[in-house]
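Dear colleague,

Please find below the structure that I am handing over to you. My notes on it come after the display.

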Amino acid sequence: MKRIKKEVNKSKNSLIKPKSVLKLLLLFIFLTSSTSQFAQVNQTGKTTQTAVKKTIKGKVTDSATGEAIIGCNIWLKESSQGVVTDVNGNYSITFEGNFNVLSASYVGYKTAEVVINNSVVNISLVSSDKSLDEVVVVGYGSQRKVSVIGSISSTDVKNLKIPTAKISTALAGQLAGVVSIQRSGEPGAGSDFWIRGISTFGGGSKPLVLVDGIERSIDYVDPEDIETFSILKDATATAVYGVRGANGVVIVTTRKGIEGKPKISAKAEYGTVAPTQMPKMVNSSQFAKSYNEVYGYLHPGQVQYTDAEIAKYENGSDPDLYPNVNWFEELYSDFSTNQRASINISGGGAVARYYVSGSFYNEGSIFKTDNMRKYNSSINYNKYNFRSNLNMTISPTTQLNINLSNIYETKTAPGQSTGDIWGYTFSSSPNAFPVRYSNGYLSTPDGSGSNPYNFLTQSGYRIDKYNTAQALVGISQDLKFITPGLRAAIKFSWDANNTYNVTRYAMPQLWWATGRDENGNLVFKEMYKGSESLGFETSNGGSSTFYIEGSVNYEKVFKHEQRVSALFLFNQRSLNKFNVSAIESLPFRNQGIAARVTYSYKDKYFGEINAGYNGSENFSPGKRFGLFPAAAVGWLVSNEPFFAPATRVVNLLKLKASYGIVGNDQIGGGRRFIYNGIIVESTGYEYGQTHTSMSGLRVGDLANDNVSWEKAYKKNLGIEFGLFKALNVQFDLFSERREGIFLQRLSLPGYLGISSTPYVNVGKMENKGVDATADYTKKFGQLVVTVRGTFSFNRNRLIDQDMPDYNYLYRNRVGKPYGQQYGLVADGLFESEDQIKNSPTQTFGTPRVGDIKYIDINGDGKVDESDEIAIGRTTTPEINYGFGFSIRYKDFDFAPFFQGTDNVTFFMSGGAVRPFSNPFLDRNSYYEVIYNNSWTLANQNPNATYPRMSIGTNNNNYRNSTYWQRDGGFIRLKYMEIGYSVPKNVVHKLGLGPVRIYMSGTNLLTFSKFKMWDPEISGGQGEGYPPTRVISAGLNLNI
Amino acid sequence: MKNIKYFIVILILSMSVSSCDEYLNRQEDQALSEATLFKKRYTTEQYLANVYGFIPTEWNASDEQPWLPASDEADFSFSRAYNNMNNGTWNPANASYSFWDHYYQGIREATYFMTKVETCPELDPDEALTYKAEARFLRAFYYFSLMRQYGPVLILGEDVVPIDGSVDLNRSRTPWEECVKWVSDELDACAAALPAVQPLQRTGLATSGMAKAVKSRLLLYSASQLYNPKPGTTSIYKNYPAIFSTQYDAQKWKAAADAAKAVIDHEGGMYKLYTSEDKDVYKSLLGIYQVRWNSELIFARSTDDSWFQKHAAPRGVTGYGGYGATQNQVDAFAMENGVYPIKGYVNGDALIENQKDILGYAETGLTSYTHPIDKVTSSTYLMYQKREPRFYINVVWNGMVYKQLNVNPNHIVQFYKGGTSGNIGTFDYCTTGYLIRKFSDVGNISPQNGTLRTGATTWPMIRLAEIYLNYAEALCEYDYAGSKNEILTYMNKIRKRAGVPDLEVAYPEVLSSKDVMLDMIRRERRVELCFESLRYFDTRRWQIAEQTDGGNIYGMNVEATKETEATQYWHRRVLEKRVFLPKHYLFPITQSEIDRNKMIEQLLW
């Protein structure tokens, strides 16, 4: 087919022959400014003199099964004339003019182009899944899948179309090697993710994300617009990114227009969003009883709350003075809704192809509002995406593409920060104050607390707006006049990002009821004068980026058995941020060269060398540039003649290995230009006959000429195999050693008096693991079953942190994973004073019966900091996996997907799990589970889940220990979808393409040992907007 | 093909837009650098302010400094690290308030500044020399501050120790006597180089008097029991003969007395005890803290931070009510006639002085009494009546009316449970039944948005009364018989200002007994200088902390409720049993420092 394409290119129907590049550029702008203009150009381009009518007929079938394909688009190449196949797969097209190629395209099949050499042209389409020419996106280009020997994972884009605001939240479990954690369910929140875990404890461990080759946020891409999504993991795949590639690279490409009649695809979804789990706190009566119990330890025989008062909490007879508030119910509703609508149109002719899309996403929050207020203070997140990707063939050898994208987000929120709202919802005691007084007065405590209801509903509102415009122009030129197979390309991109925020804050008059007068009326004290008018505050920020890239590509097949390709590329980028600190406002610049040579022999033996040579502005002149080489070899055993007998079972077997060096130039501590020393502000002094405050200045970080980037030495061994043409497995074993990690010198004694501990790059760390992907597809008659799974495991280890040995070597951090948790080992609760006396002395305060008993690790007769050892796991999961299947039977499909993490622990901490630790009684709410499962005087259970409660900080009990450590692993039904496709003959009659209706659910079920809150949420007490469960119904329509 | 040529031109252009290294150069922003810092007067002065910035913020007596709550004069209600010091659970791994790094940073900054200041072209050579001497003084003061906390330290001299690995960083402590001599010599040099008075806009910055005053403290401390064990006693440092001399040296007292006298005589006696124009006792005593840059202040720091006042003011007047004075300190104040009512304690009970001498002091009963400062009459516990004026300057008690400006002028302080300033559903309440009144301008405090503002004050770091007491103590130790009159002269100057009869009137025994004289000097010091971050160090240098900090801390029974019999509140109770072990005489070097400097010795711990 390539041959045919070339012929087409030779034909002289290309209209546009610009005289200069300037004219070209003007034309691009003109074209992109209006798609209707563009259509006109197309039409005028197709005017022909001949008036002979021709009719071509034929049938379109599946090349494998011979089944007719209904609704297939057939059109005359380089025109907008086309038809669709009928129920039997037949078509008939009549046209005038000099057209000699027919194109046929259908979802899931490779587009075919057939020369019209007869009046009957039957077309057989090859399923795109099994295409041998399938390509995989690699760094700065693409490769045939068969020849890929680097470690690259990609996923079918449909797996990422989960109904959430940000695509980063859809990655968990989908790609082998991705570690993803979603810490908040707040509308519009994204996820943190790493590739192959965390390989450095230095300044940056996050991967480089490239969208259409440009460094951009992954969350600005609409899932519908994605064509490919890949992650590059090993050295050979990432070396071309040199000093920025060490943490792995994510590559996203967006969809391109496909030649043919306009195809419209629309999708609408509506869903409900509910927290996966809401905390359950104690009620007022439980609160009072437990406080009395604890108070009794300190003041025997005395109580804080009398029985009469507790009775009032229980019977609710005086909700003003004896309230019993469930803050979660008062502030948050059970669910909110989200909706998504998207539409995209693609098509075009020989000269220009287009893909235009728009989408809208909206998500409300569970935040309640006060209907009496004229403003809406709840969180409401809206996102609008627009994209226009144009590809033009402007001369037989010149391709041009213009990708424009605009993302507009708005978010409204309460005037008070959501952190404060959640914080006070968690901490406000149920009996502290009513939501509001019965006479309508807004309440607030007479102490240090705050009423979260006021924060949520009375504090005014804020509006955040984010606007991102992304533009990319690329020109690619075939240089076959120099030598066949040579191409050159240049690419420019400029992105602008703006954020704008308005806060209209207010806090109305607040009251505290001190009691009742003799008539029983409430006596109020005005706590805050307040204001009914909203304040005004505004801020803004943003960034602009300019990127330029020039490349030369060479690709050639010799004698049908040796393939050679080469790439040489230059790029530079400049990023400017505004409304940031002086140092941050200086442009961030990168510059570099990338090169690659690949070779393959008979598609059996593969070899490639990749190299990045690039520089980082952070280092001193003359020491900025480094070379990062990598090499890989591969052997496709299944293509060997000797293997032929086995191919019936093992249809694919590939072995591969790579080694290389990649860099990371991110320095920690917000430090830039490490070769310059900095002067920082410091504590000054006050003096003068009249008071004068003089701010201080001192030498901060010292200049360091010798520092350089982190180096990652990466090894990868991989195997790919396919069984029975149904099961495909990719398995990689990797090991990485990171050297030269930036760190502050921890070995310097304090007497040196260094105020700013200098950064040097001497840290070392290693990271090893495996990642695997398996997928299985099989057709049983009308039943199509697909099973897929990913698994990643990585374990890192600190090798050098420039830290002196601890007093006991077992406490050293070196040799253990980064993020390893440390603490004491608990041994139940003390059962008697005698036991306390006979146990090693615990030095964190005087222990009492019911307090945690710790093991004296070093046997020195006392339990102190020296007995803290590595316990549990790290805070980032070491094991990440996902598995799911999909079944398609006739018109129905069903696809659940599970995702899980393991080898992760966390410590419970904070007021909500440590009753009465806050000095102020009105800020001491805590989980009901703790009320039911603590050691108490009445129930002296030495195996109680929670120790004796205490008033104030209990230095003995509240240390990090195995007692408070919990397993953060979980498996969840991350996503499930049930769909029904309207039968082809029905939609065909309606003149439509495929139509599908579906129901989906996100985060439907979570299985975990830990039950108190969603284990994925951050923090020791589960505080914050919980992850959400989304149940959606959707419709997908194609025209 | 024409467009292809253009294309190639663009390609080549784009690849050679700039030579590589230049593109990555930092955009010129003329940031302040080490090279330009000392070019200008203002930035040089800012650097000097940075060197000054390491002076302790003594008004932050809970979060930043432990000296009040970790000694027997105070008990604070907050949950902070000083509690670990009091209950004996501190150790090298968890020790807070470890100012080792802090002061060594100050020392390095000072030395660095001294090497640079003379390069500043905008300073007169004389000015530059003064600035340099100021940094030198600060460096000596920081060394002294380290020494009072850690004992012998590492004297680095003029070294700015390189950190590039060129020298071995493992170093051991400098012997105590060498430390004292080095710092003392430095202070002598500073006294010679510094002006006696700074220009008005620089008031409060280092002067020759300050250098002499620090020296007085240093030599007094070094002459005391902890560093100069009396014959017949054993040095607690007996195991470290290389670092400490274990031999008693009476001449150290002489040197201490001379150093104190040098301050008294400085510039013809330029410092004077502050007395108000009308010689009113209360105005005079209050003025020490409220009159800016008064004649008594030798070393003071201007501040508008109301941290101390906020934490010491009772609940109900927007204070936090957490800076509690102990019963032990209340017991230390004399009666109007100068006689101390409490002799000591036995099994938790106070030993009360003979009734005839103490003006009806009693620990039962309430009568109406007019507060001598605030002139408000209220029902007052007998214990608080007819005490010496400094009692009323220093203590807020239960039942007292707390005056404030504008708002609620008659707030009655109640420390019992449920009271206006007591436990109302939180553990964060005054534990002792007393709050510290010193430094607060009661009556002029106006609560604004939850903070108490009193305007800028001059916080005393060293004042003349301390120097008098240093002098009296050193003289008494060195030559009691030959200097009785000299001692009494200075003791009585303090007592006269405080409205207390002369010492030999209240206690004629001082004329015949050195022990009584010494006891009276120490008692006077405890009363006059209470809550000024000195008691902690005094009990340690006298080596009496086992008794003062290793036992009962008393307060009123604040757990009593209003409903119960009133006498339950008026009851001396043990609120805390503190732990003091011999190792606590010095701060431990932190574990992390020991891990980093293998040569440093951990003394006592």
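The findings are set out below, beginning with the conventions.

This is a predicted model, in which local features need pLDDT of at least 70 and side-chain atom pairs count only at pLDDT 80 or more, while totals for chains, interfaces and linings use all residues. Residues are numbered from 1 along each chain as its sequence is written, chains are lettered from A in the order in which they are written, and side-chain values use heavy atoms, without hydrogens or water.

Chain A contains 12 helices and 50 strands (DSSP runs of H or I with at least four residues, and of E with at least two). Its radius of gyration is 33 Å, close to the 31 Å of the globule rule for 1039 residues, so chain A is as compact as a globular protein of that length (C-alpha atoms; the rule is 2.2 Å times the number of residues to the power 0.38). The C-alpha trace of chain A spans about 105 × 70 × 65 Å along its principal axes. Of its 1039 residues, 56% are buried (under 20% relative accessible area, 1.4 Å probe, protein chains only).

The largest nonpolar core has 201 residues (buried Ala, Val, Leu, Ile, Met, Phe, Trp, Tyr and Cys joined through side-chain atoms within 4.5 Å). Helix H15 of chain B, residues 464-497, gives the largest share of this core, 16 residues. A second, separate core has 66 residues, including Ile310(A) and Tyr332(A).

Phe299(B) is among the residues with the most contacts inside the largest core. Beyond its neighbours within four places in sequence, Phe299(B) is in contact (heavy atoms within 4.5 Å) with residues including Tyr685(A), Phe137(B) and Trp459(B).

Yours sincerely

Key:
Buried means under 20% relative accessible area, exposed over 50%, partly exposed in between (1.4 Å probe, protein chains only).
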